[in-house]
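Reader: I would like to learn how to read the features of a model like this one. Please give the general idea each time, then the case at hand.

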Amino acid sequence: MSKVSAINENEQISVKKKSQFADVWKRLCRNKTALLGLVIVILLVLIGILSPIIFDYETQVIKTDYSNTLQPPSAAHPFGTDELGRDILIRTLYATSTSLSIGVVTVIAALAVGLVLGSAAGYFGGKTDMIIMRIMDIFLAIPGTLLAICIMASLGGSITNLVIAMAVSSTPKFARVVRGAVMTVRDSEYVEAARAIGAKDTTIIFHDVLPNSLAPIIVQTTLEVATVILSIAGLSFIGLGIPAPRPEWGAMLSASRSYIRDYSYMCMFPGLAIMITILSLNLLGDGLRDALDPRLR
């Protein structure tokens with residue numbers, strides 16, 4: 001009978017999780033702007049995945065063609081060409097892969113460190129909380145872009161160093177969000193029950209506490225991807241981001257600013273790509289926040 005009851009309990013938990021997911025999905029679908037953001041994000045992800053497959057990096061993305069420089073938008077080049085004769089449409093699409101991949105990797109790295117620090121601070125409290133959060137406050141006192149500039153200036157320009165710089169500046173935000181979420185559930189009955197049966201603290205944190213604190217973490221992750229992509233574009237604009245000749249929206253804006261008066265299309269399309277990406281991620285993040293908020297059910 002005990003095995004049967006355990007199986008029934010597991011089935012009930014599975015059904016409950018599915019119903020919660022379906023409930024969140026239903027509320028998200030009712031939010032038309034969030035659904036629009038989700039559709040655009042999916043399209044951007046598909047573009048980012050397919051662009052390196054469709055376009056050859058050496059011959060179509062970075063190869064110069066001085067006989068075809070500064071061509072306005074046309075059937076052959078829908079977005080026109082840049083000062084080196086490269087197709088702006090191809091470079092803009094290829095840059096989607098660059099910005100999204102670096103943004104996602106950076107946020108995953110920052111989230112991993114922020115989860116450990118924030119959960120330890122929120123769960124244990126006391127001196128552990130004070131030490132961790134005061135260190136995070138020191139990093140938060142420095143503007144994220146300025147901190148990234150300092151790190152990039154000291155380490156040098158490369159994609160790896162850019163990920164490190166952006167991850168360091170994003171980690172304190174995740175640590176604070178995770179800490180707050182953990183503190184709201186650490187004294188719950190199921191946590192006390194886990195302690196009563198002798199479960200280890202690490203088991204309780206990763207098995208009981210964090211799974212019930214995911215709502216604000218998911219929202220912060222979505223919004224932070226947008227922030228990181230915008231910061232990457234800003235760093236590339238001032239020459240501290242993605243090294244040339246790899247296309248990146250901020251670097252494309254920086255290269256085309258000298259031609260903005262007579263060839264405005266060179267700035268317009270990378271700028272629109274940044275705007276659409278940030279807008280869609282913010283719409284999705286706001287929609288997830290509303291869908292995951294129990295007070296709005």
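Reader: At what angle do α10 and helix α11 pack?

Author: Start with the terms. Helices are DSSP runs of H or I with at least four residues, strands are runs of E with at least two, and both are numbered from the N terminus. Axes are lines fitted to C-alpha atoms, for helices over the stretch in contact, and angles run from 0 to 180 degrees between N-to-C directions. Here α10 and helix α11 (residues 249-256) pack at about 35°, and their axes are 7 Å apart.

Author: A note on provenance: this is a predicted model, in which local features need pLDDT of at least 70 and side-chain atom pairs count only at pLDDT 80 or more, while totals for chains, interfaces and linings use all residues. Residues are numbered from 1 along each chain as its sequence is written, and side-chain values use heavy atoms, with hydrogens and water left out.

Reader: Which hand does the crossing of α10 and α11 have, and which residues in α10 meet α11?

Author: A crossing is left-handed if the near helix is turned anticlockwise from the far one by less than a right angle, and right-handed if clockwise. The crossing of α10 and α11 is right-handed. On the α10 side, Ile229, Ala233, Ser236 and Phe237 take part, and they meet Trp249, Gly250, Ala251, Leu253 and Ser254 in α11. Contact means heavy atoms within 4.5 Å.

Reader: How many helices and strands does the protein chain have?

Author: The count is 12 helices and zero strands. Along its principal axes, the C-alpha trace spans about 80 × 40 × 30 Å. Of the contacts with a separation of 6 or more, 71% are between residues 24 or more positions apart.

Reader: How much of the protein chain is buried?

Author: Buried means under 20% relative accessible area, exposed over 50%, and partly exposed in between, with a 1.4 Å probe and protein chains only. By that rule, buried residues make up 41% of the 297 residues.

Reader: Which residues have the most contacts inside the largest nonpolar core?

Author: A nonpolar core is a set of buried Ala, Val, Leu, Ile, Met, Phe, Trp, Tyr and Cys residues joined through side-chain atoms within 4.5 Å. The largest one has 58 residues, and those with the most contacts inside it are Tyr123, Leu162, Met166, Val209, Ile229, Ile232 and Trp249. Helix α12 (residues 265-292) gives the most to this core, with 12 residues. A second, separate core has six residues, among them Ala120, Ala121, Ile132 and Ala175.

Reader: For contrast, is isoleucine 138 buried or exposed?

Author: Isoleucine 138, in helix α5 (residues 126-140), is counted as exposed because its relative accessible area is 56%.

Reader: How many aromatic pairs does the structure hold?

Author: Rings of Phe, Tyr and Trp (its six-membered ring) pair if their centres lie within 6.5 Å; planes under 30 degrees apart count as stacked, over 60 as edge-to-face and the rest as tilted. There are five aromatic pairs. One of them, tyrosine 57 with tyrosine 94, is tilted, at 5.6 Å centre to centre and 40° between the planes. This pair links distant parts of the chain, from helix α3 (residues 57-61) to helix α4 (residues 88-124), 37 residues apart. Tyrosine 57 is partly exposed at 23% relative accessible area, whereas tyrosine 94 is buried at 8%. Elsewhere, ring pairs link Tyr259, Tyr263 and Tyr265 into a cluster.

Reader: Over which ring does the charged end of arginine 257 sit?

Author: A charge sits over a ring if NZ of Lys or CZ of Arg is within 6 Å of the ring centre and within 35 degrees of the ring normal. The charged end of arginine 257 is over the ring of phenylalanine 237, 4.9 Å from its centre.
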